[in-house]
Amino acid sequence: MDLTTTSVNMKDFGIELKDVQQAHERVKRHTKITPVMDFDYFDNKVSCKLYFKCELFQKTGSFKFRGAINSVSKLVEKEAPTDNVTVVTHSSGNHGQAVALAAKLCHVKAHIVMPSNAPTCKVNGVKGYGATVIHCFPSERAREEEASKVIKETNGCFIHSSQSLDVIAGQGTIGLELLEQVSSTLSKEGCHQTLLLVLLP
């Protein structure tokens, strides 16, 4: 499947294919190539071949790590030396863990604002990667306000879970892997069909 011929204009999302390709080159030494699996049961239900990209096997257990490591790595490229670099975000769990691990791998400090009702396993995960956890009242407004306060105190760089272009480009590396893996599988099976549709939950 040639992404350059799709009807979707990636510029509408603030990024282009080259941004995702550059992100792939940046993050591939840190991320895992997660497996693509198929299941006859589901194929029979919909009368077509389905492939599932299993991002639960990614580092931190989530695709969120892709965007976080791309964002933090790119920041480090611009801010070297990194002694005074701090990254900040707010999260209930997965994004916070991803940023915490990305910061650890890039040798920078991380402060993660988490709601007081965040799952203990997620909080412990963030702490386990060496990040500082700041608890707040469980509301979006409280999270944003506390994160703004931390940014001012630490002179940190905020990494949004979904609105950062570098995060979006990093998440997009899933698509590059999926296309390559499915194309390889179809080729080995002697099938001349191509991937027609990608569904995101």
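The following conversation concerns a predicted model of one protein chain.

Biologist: What average pLDDT does the protein chain have?
Modeller: This is a predicted model, and the chain averages a pLDDT of 90. Of its residues, 92% score at least 70.

Biologist: Where does pLDDT stay under 50?
Modeller: That applies over residues 1-8. For this stretch the model has ten contacts beyond four places in sequence.

Biologist: Let us turn to the sheet. What is the strand order?
Modeller: The order is β5-β4-β3-β6, in an open sheet of four strands with parallel pairing. β5 (132-136) and β6 stand at the edges. Each of these two has a single partner strand, so one side of each is left without a neighbour in the sheet.

Biologist: How many bridges join β3 to β4?
Modeller: Five bridges join them, and the two strands run parallel. As one example of pairing, Thr89 has Ile112 in β4 as its bridge partner. Helix α4 packs on the sheet, where it touches β3 and β4. The direction of α4 makes about 170° with that of β4.

Biologist: What span does α4 reach from its first C-alpha to its last?
Modeller: α4 has twelve residues and spans 17 Å between those atoms. This is close to the 16 Å expected at 1.5 Å a residue.

Biologist: Why is α4 described as largely enclosed by the rest of the structure?
Modeller: Nine of its twelve residues are buried, so the helix is largely enclosed. Among the buried residues of α4 are His95, Gln97, Val99 and Leu101. The buried residues of this helix pack against α3, β3 (86-90), β4 and α5.

Biologist: And what follows α4?
Modeller: His107 follows α4, and its phi is positive, near 60°.

Biologist: Which residues touch the most other members of the largest nonpolar core?
Modeller: They are Val72, Val87, Ile112, Met114 and Val126, in a core of 27 residues. At least two residues of this core come from each of α3 (64-79), α4 (94-105), β4 (109-115) and α5 (120-128).

Biologist: What does Met114 touch, leaving aside residues up to four places away in sequence?
Modeller: Met114 touches a set of residues that includes Ser91, Ser92 and Gly93. Its other contacts include Lys122, Val123 and Val126, as well as Val133, Ile134, His135 and Cys136.

Biologist: Now the loops. Where is Thr60 found?
Modeller: Thr60 lies in the loop between β2 (52-53) and α3. Its phi is positive, about 70°, although Thr60 is not a glycine.

Biologist: Thr60: buried or exposed?
Modeller: Thr60 is buried, with a relative accessible area of 16%. The cut-off for calling a residue buried is under 20%.

Biologist: What is phi for Asn155?
Modeller: Phi of Asn155 is near 55°, again a positive value in a residue other than glycine. Asn155 sits in the loop between α6 (140-154) and β6 (157-158).

Biologist: Is Asn155 buried or exposed?
Modeller: Asn155 is exposed, having a relative accessible area of 68%.

Biologist: One last residue. In which helix is Arg26 found?
Modeller: Arg26 belongs to helix α1, which covers residues 17-27. Arg26 is buried, with a relative accessible area of 18%.

Biologist: Which residues does Arg26 touch, apart from those up to four places away in sequence?
Modeller: Arg26 touches Asn70, Ser73, Lys74 and Glu77.

Notes: Residues are numbered from 1 along each chain as its sequence is written. This is a predicted model: local features need pLDDT of at least 70, side-chain atom pairs count only at pLDDT 80 or more; totals for chains, interfaces and linings use all residues. Side-chain values use heavy atoms; hydrogens and water are left out. Buried means under 20% relative accessible area, exposed over 50%, partly exposed in between (1.4 Å probe, protein chains only). Contact means heavy atoms within 4.5 Å. A nonpolar core is a set of buried Ala, Val, Leu, Ile, Met, Phe, Trp, Tyr and Cys residues joined through side-chain atoms within 4.5 Å. pLDDT is the predictor's confidence in each residue, from 0 to 100. The expected span of a helix is 1.5 Å times one less than its number of residues. Two strands pair if DSSP finds at least two bridges between them. Axes are lines fitted to C-alpha atoms, for helices over the stretch in contact, and angles run from 0 to 180 degrees between N-to-C directions.
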